[in-house]
Amino acid sequence: MTADWWHPDLHGLVVLQGDELIFERYGEGEDYRLDEALGHVRFGPETPHDIRSVSKSVVGLLYGTALAEGAVPEPSASLMEQFPEYGDISGKDALTIQHALTMTLGLHWDESVPYTSIANSEIAMEMAPDRYRYILEQPLVQEPGTGWHYTGGASALVGRIIEKGTSLPLEEYADARLFRPLGISSWEWSRGADGVVLAASGLRLAPRELAAIGRFAMEVPLEPMIKREDGGSYGMQWYVGDGWRGGFGNGGQRLIVFPARKVVIAATAGLYNNDTATVDQLLWNTVIPAIT
């Protein structure tokens, strides 16, 4: 890589190969905790950073951990049976936990508009009196399991299933079963106005800690389960490609794992609610070829 390759909107980049830290660099810039401005920040190894929707991939790992412990039902189990408190909601009997894990619920959901707008389904979910009822009451627009559609509400449902099965708040289960075993002692998980941690987008980690989660994900069997609209694949809250798996978050937050090469790339950036193509091009065209 040439000396001038760094992107001004990158806040941090960590690369692991096996257990070895082979690259680490930090930048500076305006930062946010969700919609709360944090001002100009000089980032370093211990600076927490929103990982936004990479939180979904962490939730996927937590479901897998809880499943291995026998604490949650199999993916084939009925989704609505996990939420008996919403027995008045009809027409959703075909939904399974796997439909939530793979974002194939077939429910109406639109995150194509900015996350500053109530027209965005995730923002509407956050403003609803009951986030889980809001998700489950969305109309079916497609047969479940037949098509992938980006749905933050699916991750919220999975997070709640983990809480129900483990009898622990999601963040406490994450700390006990994932963070502390990986040596992660510094983390934050933002909450909604209702006090519930934001399973879909609220986790905050420094890039080193994010990379540690990637190293754990390297060892977890993860097969592509559904084709996405763009032709790629998706499985259990992770994007899956040829030889890689990844968690992607708003603003350029990226966790990309190459299991066969034992390489993990963790990136944080500040392009919130903006086009992240320049960061992605840098990672895929410059960083990844140089590392792998």
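What share of the 292 residues of the chain count as buried? The figure is 55%. Keep in mind that this is a predicted model.

**The whole chain**

Let's start with the overall picture. The secondary structure comes to 8 helices and 13 strands.

How does the chain meet itself? Take the contacts with a separation of 6 or more: 60% of them are between residues 24 or more positions apart.

Now zoom in on helix H1 and helix H6, which pack with their axes 10 Å apart. The angle between them is about 75°. Angles of 65 to 115 degrees count as roughly perpendicular, so that is the word for how H1 lies to H6.

Here is who takes part in the contact:

| Helix | Span | Residues in the contact |
|---|---|---|
| H1 | residues 54-68 | Val58, Val59, Leu62, Thr65, Ala66 |
| H6 | residues 170-179 | Leu170, Tyr173, Ala174, Arg177, Leu178, Phe179 |

Sorted by class, the contact of H1 with H6 has 9 nonpolar residues, along with 1 polar and 1 charged. Thr65 of H1 and Arg177 of H6 are among the residues that make this contact.

Notes:
Residues are numbered from 1 along each chain as its sequence is written. This is a predicted model: local features need pLDDT of at least 70, side-chain atom pairs count only at pLDDT 80 or more; totals for chains, interfaces and linings use all residues. Side-chain values use heavy atoms; hydrogens and water are left out. Axes are lines fitted to C-alpha atoms, for helices over the stretch in contact, and angles run from 0 to 180 degrees between N-to-C directions. Helices (H or I, at least four residues) and strands (E, at least two) are DSSP runs, numbered from the N terminus. Angles under 35 degrees count as roughly parallel, over 145 as roughly antiparallel, 65 to 115 as roughly perpendicular and the rest as oblique. Contact means heavy atoms within 4.5 Å. Ala, Val, Leu, Ile, Met, Phe, Trp, Tyr, Cys and Pro count as nonpolar, Asp, Glu, Lys and Arg as charged, and the others, Gly among them, as polar. Buried means under 20% relative accessible area, exposed over 50%, partly exposed in between (1.4 Å probe, protein chains only).
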